[in-house]
Amino acid sequence: MTRRDLLRRAAMAAAGIAASRRAAAQTPAPRPDSVAGDPLFRPDAVQERAVVTERDNDPVVKAIEQRLKCTCGCNLDIYVCRTTDFTCQYSPALHREVLDLRDAGKSPDEVVAAFVAKHGEQILMAPPPEGFNLAGYLVPGAAVALAAATIGWILVRRGKTMAPAAAPASSGATAAPPALSAAEQDTLRRALDDVQD
Amino acid sequence: VTLLGQFCLWLALFTALWGAGVAFFGRPAERPDLARIATRSSYGVAAALAVAALCLWKGLFAHDFNIEYVAQYTSRNLPTSYIFAAFWAGQKGSLLFWATILALFAAAAQAVTSRRHAALLPHVAGVTNVVIAFFVITMLFAANPFERLLFTPDDGRGLNPQLQNPGMTIHPPMLYLGYISITIPFAFAMAALLSRKLDTGWIHAMRKWTILSWLFLSAGITLGMWWAYVELGWGGYWAWDPVENASLLPWLTMTAFLHSVMIQEKRGMLKRWNVGLIVASFLLSLFGTFITRSGIIASVHSFAQGYVGTFFLVFLVLACVLSFGLLYSRWPLLEPEARLESMASREAAFLFNNLALVGIAFSVLWGTLFPIISEAVRGTKITVGPPFFNRVNIPLGLFLIALTGIGPLIAWRKASTQNLRRQFIIPVVSGLVVLAGLLLVGIRDGWALAAWALCGFTAGTVVQEFGRGVRARRRMHGEPVWSALGHLVSRNRRRYGGYIVHVGILVYFVAFAGLAFKVTTEVTLSPGESTEVRSPFGHTYTFTHLGVSQYAQQNRFVSAAALDVRRDGKSFGRMTSEKRQHRDSFGRNTFEPSTEVGIRSDLREDVYVVYAGSVGGTDRASYAITINPLVMWVWLGAGILVAGGLITMWPGGPVISARRRSETPAGYEAPLIGAGAAE
């Protein structure tokens, strides 16, 4: 190890120790006495929020809300909207509606059905795969499958018609190579040197 | 400045119409003087629109609030960079931006195109002039950026807070550059059809424009994802919003074109398909603009005002009828020079690749329009959101990754069984190793497993291709590995630049699959209080609320909530998320409070913190905390993709002429290949 390396490593080690001490110094001591919080200087500059409860993070509630669209016009689901930017007035109300329905003993599907009954089918983030909506789900895949099948069919048919013509030239899977002179082989070697595809 | 700006718009309109008229009706092939006039009109239009653009910028920087656009999108205390960017913040300014950039591109196309393709240039000028004239007419009659108010307000309304982000200065221009530059390849395609010069000349003339346009679009879309991620606060980067979808559509068709054009260059096939893809890309770029500006589909991005949507719809229909009509009229001139012979050929793989790309484009378009179709058929409004798009597109996306890996492994014309076996071993093993590794670490999400395993397979293909190329060079020239790699790439920029682009796409897909493991939780904390969140990578993050500080800045009042973060007990630093109340120069609130997200990224996962608000007007704060796996890979993928694209379009490199194509018996299994000289 050179002297320069030694000095550099020593400097890095010192910087690392200093950084970890700074980080430790910044770690706050818990203040259990301030659970209520101190008043803000300008409370009007931030949104007022209710205390988050365990139910707000309930995976079942989250899954229900991810199936339902917020009605504020954002195109997001209720869960994403109510946890985004926090300016929406609609998604917190819709969230409470979901919680109320759950409190009333409704299953997830029943909650979703209640929302559809109230707001119409457009409250769903994706249309149910039934009736005309099936066209929405199936048409793209069917179109691609049909096109792929058509290409495949054409290629297989063409391969069959071309096979007898190719047979005299080659009995293998590929066409026979043309006879190459030494000069041509040299040219080809140089071309391959470029590894062109 | 408004008078000068208006004058320049009219001047640009008349010059564009005159240039187009001369190009289309002046028989430029027989009259070189008229051909010169047509091509030079592009420079005149560009100069006039550049002056008009400078006039608008002058108005913005002078705080001339008597100009309606200036009053609508700026205020006296708006930071300078955002005054500059306010040019494209609204409908009217963005139309002027679009027209100006298109005019500059059109002039550049005239200036830099090789004289070998001079015969195409008058028609290229004609087509670009028509498109520019449309934008200028839209401005003059439906959305004039120089419109004045009857009174002068004390201050402007200011810029929407979500647009006050560094992304604003770069994302919209980049996306516009992508959309706009599609017009140049389209103009070359139309010029080739109009002049009946349908050999591969027009493809060579516009190939780099297509790659440039594709790169701008790729960068613009990714910057949009980045902006959505850092600014909107929902912890994601792609929401399948109609306007996002609209930007993806031309990208998909252009990607398909960049692949299928190789078949035309090498085998003289798919000529009609290629013209169709370029026309479709141009029309889809117009369609995207129509969606954004018409309000026909609900989107958070749209800025529908007045009759602009109607203008776009009429132009879209006209462009569709005229361009496809022209293609139909030249159909017999676009006969293929060769035919597809086998399913086991690179041509077939490219064809299926095109099918997957166009299929995804179709499914995205179908999903975007399905609410309108459903309402028309059933009279019922529906929503087509991410669950729909994910369900339909994930299988197609996986099919595409597989083809990305398969394509380079198959020989042109027809591959032998031996060739297939030799080529596929390493990629397949590579994919299986990735799959086994993921199963061993306990991942059970089927889609993510499939995506990552296919990425492993395709990565194996790319590594194999590079490895064989390097080995061949080392054997031939005795070069060291890095030198061989450098020469390999520099002498075959299209091929190896393309492989690097593939790596970029794979890295994107790795990131997309990571979304399946996102963790979000909400919490309310008093100062000093902590919460723990476990990440998908098994780390335990401890968040301790430090407090909320409030202070004034140039055009806003900031409330910043701070968290001390520890990962597995070790300090991870301090994270801050802000609420910003924007104000005008008189201290009046201008918009609802907006949120600034706190983000800490590394290669594995992002810690994403949003300050939701406070409880009872105190410093007791609510947060949304998200652990987002592999997000950095999206930005990494973009970097790799752009680097690969730049290598591909770097000047120089071989061009395959029609003569050489006809002389080259592609696909013969010559003895040299069997001897392993190069594969």
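**View 1. A:Asp58 caps the N-terminal end of helix H2 of chain A.** In this predicted model, a side-chain oxygen of A:Asp58 lies 3.0 Å from the backbone nitrogen of A:Val60. Helix H2(A) spans residues 59–66.

**View 2. Buried residues of H2(A).** Four residues of the helix are buried: A:Val61, A:Lys62, A:Ile64 and A:Glu65. They cover an arc of only 160° around the axis, so they sit on the same side of H2(A). Their packing partners in chain A are helices H3 (78–82), H4 (90–103) and H5 (108–119). Chain B takes part too, through strand E1 (519–525).

**View 3. Helices H8 and H9 of chain B cross at roughly 170°.** Their axes come within 8 Å. The crossing angle is over 145 degrees, which means that H8(B) runs roughly antiparallel to H9(B). From H8(B), the contact uses B:Ile184, B:Pro185, B:Phe188, B:Ala189 and B:Ala192. H9(B) supplies B:Trp202, B:Ala205, B:Met206, B:Trp209 and B:Thr210.

**View 4. The largest nonpolar core has 181 residues.** Among the residues with the most contacts inside it are B:Leu9, B:Leu49, B:Phe188 and B:Phe282. Helix H9 of chain B (residues 201–232) gives the largest share, 17 residues. A second, separate core has 23 residues, including A:Cys74, A:Cys81, A:Leu94 and B:Ala228.

**View 5. The surroundings of B:Phe282.** Neighbours within four places in sequence are left aside here.

Key: Residues are numbered from 1 along each chain as its sequence is written. Chains are lettered from A and ligands numbered from 1 in the order in which they are written. This is a predicted model: local features need pLDDT of at least 70, side-chain atom pairs count only at pLDDT 80 or more; totals for chains, interfaces and linings use all residues. Side-chain values use heavy atoms; hydrogens and water are left out. A nonpolar core is a set of buried Ala, Val, Leu, Ile, Met, Phe, Trp, Tyr and Cys residues joined through side-chain atoms within 4.5 Å. Buried means under 20% relative accessible area, exposed over 50%, partly exposed in between (1.4 Å probe, protein chains only). Helices (H or I, at least four residues) and strands (E, at least two) are DSSP runs, numbered from the N terminus. Contact means heavy atoms within 4.5 Å. The arc is that of the directions from the helix axis to the C-beta atoms. A polar contact is a pair of N or O atoms within 3.5 Å; within protein, one must be able to donate a hydrogen and the other to accept it, and residues adjacent in sequence count only if both atoms are side-chain atoms. Axes are lines fitted to C-alpha atoms, for helices over the stretch in contact, and angles run from 0 to 180 degrees between N-to-C directions. Angles under 35 degrees count as roughly parallel, over 145 as roughly antiparallel, 65 to 115 as roughly perpendicular and the rest as oblique.
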